[in-house]
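My entries follow in the order in which I made them.

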Amino acid sequence: MEKPYTCDLCREDFSDMQNLNAHLLTHTQEKPFACGICNEAFSLEMDLKFHVQTHTKKKWFACDVCSKAFSPRSQLERHLLSHTNEKQFSCDVCNKRFCYKTNLITHLQVHTKEKPYLCDICNKEFSRKVNLKMHVRTHTKEKPHICDICKKAFSEMSSLKKHLRTHTKEKPYVCDICNKSFSMPSNLKSHLPTHDKEKPYVCDICNKAFSEELNLKSHLQMHAEGKLFVCDVCNKAFSRKLHLKTHFHSHTKEKPYACDICNKAFSRQWSLKRHLFTHSKEKEYACDICHKIFSLRSNLKAHLVIHTKKEKPHICDIWNKAFS
């Protein structure tokens, strides 16, 4: 189909002036179409129609390959390209190819450094509309994606999908070499380097393999000490599986424990519990001498120094003044 009408801002082509005018609203940030259920506003009427279906959750068109369902047929047709691997849109600068023209248009901004989407609150610029939308939620604290199982809410769908795996125990990311599966792609990425070297020395207890005999001997000592759970990345061992799981976050940089009040995330659950005291102002650690109370044990420990005989061990050489 001929598309003689071109957007001067992003060079996308349209078959008629009406579609071009509707598209221009995405650049001006004007949003005349509002959802009657949640009041979210959209630049295009078509986007509003798609959004309303997220409330009704009706999806009529199913993919014959993977059975995933879609509400507008156009989304199904777009999805089918992901199975055919057909990439008909090519970048003139670097020759990278894409299944969808919208992906090519977004990719071109990598070369042009163009960031047409501006946050009305802090003026931060973004190259993609979806990135702006997610960013705005850091201001509004909106969390529209809710877990059906525990009702926990998330600002991004990707975060909800990750969270759901804590309920389903699903591990969709599988190592092609040893078939070990992981719930997160970052965990699989951290695991893959363990296959880079030949490992002829195998532990008879847990079947973990090592490239050097010395490493196997060190590992066996960990079993002798009752530390049965070993990190695949750095070989550090733990006596409890929970401790290994918590330690693994130091490699993946994953922070699964988020504060419901301010959204700050932590890699360890006890760090979150410690942080929550800053909101609740709850103080549960009391000094036995003066009865002053503290929210953190470490603060109580620091306070106790003032009651001991060594209450001011740090002395200034110039003024001879002491400090605790």
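The entries below begin with how the model is to be read.

**Basis.** I am working from a predicted model, in which local features need pLDDT of at least 70 and side-chain atom pairs count only at pLDDT 80 or more, while totals for chains, interfaces and linings use all residues. Residues are numbered from 1 along each chain as its sequence is written, and side-chain values use heavy atoms, with hydrogens and water left out.

**Terms for exposure and elements.** I call a residue buried under 20% relative accessible area, exposed over 50%, and partly exposed in between (1.4 Å probe, protein chains only). The areas come from the Shrake-Rupley method with a 1.4 Å probe, and for residues only the protein chains shown count as cover. Helices (H or I, at least four residues) and strands (E, at least two) are DSSP runs, numbered from the N terminus.

**Salt bridges.** How many salt bridges does the count come to? I used the rule of a side-chain nitrogen of Lys or Arg within 4 Å of a carboxyl oxygen of Asp or Glu, and by it the count comes to 1 salt bridge. The side chains that meet are those of Arg137 and Glu142, at 3.7 Å from N to O. I noted that Arg137 is buried, at 9% relative accessibility, whereas Glu142 is partly exposed, with a relative accessible area of 35%.

**Surface charge.** Which residues gather in a patch of positive charge on the surface? I found Lys169, Lys171, Lys241 and Lys245 there. A patch is made of residues with over 30% relative accessible area and no salt bridge, like charges being joined within 9 Å and nonpolar side chains (Val, Leu, Ile, Met, Phe, Trp, Tyr) within 5 Å. Lys and Arg count as positive and Asp and Glu as negative, with His and the chain ends not counted; the place of a charge is taken as NZ of Lys, CZ of Arg, CG of Asp or CD of Glu. I followed up Lys171, which sits in the loop between helix 6 (157-168) and strand 13 (173-174) and is partly exposed at a relative accessible area of 48%.

**Cysteines.** I searched the whole structure for disulfides (a pair of cysteine sulfur atoms within 2.5 Å) and the search finds 0. Cys147 is in no disulfide, and its nearest cysteine sulfur, that of Cys150, is 3.7 Å away. Cys147 is buried, with a relative accessible area of 1%, and Cys63 is buried too, with a relative accessible area of 2%.

**Positive phi.** Most residues other than glycine have a negative phi. I therefore wrote down Lys113, which has a phi near 65°, is found in the loop between helix 4 (101-112) and strand 9 (117-118), and is exposed because its relative accessible area is 66%. Asn123 also has a positive phi, near 65°; its place is the loop between strand 9 and strand 10 (125-126), and it counts as exposed at 52% relative accessibility.

**Pairs apart in sequence.** Val130 belongs to helix 5 (residues 129-140) and is partly exposed, with a relative accessible area of 40%; its C-alpha is separated by 9.4 Å from that of Tyr117, 13 residues apart along the chain.

Lys273 is in helix 10 (residues 269-280) and counts as exposed at 52% relative accessibility. From Lys273 to Tyr257 I noted 9.5 Å, C-alpha to C-alpha, for 16 residues of sequence. His307 is placed in the loop between helix 11 (297-304) and strand 23 (314-315), and is partly exposed, with a relative accessible area of 29%. His307 and Cys287 are 20 residues apart in sequence, with their C-alpha atoms 9.9 Å apart in space.
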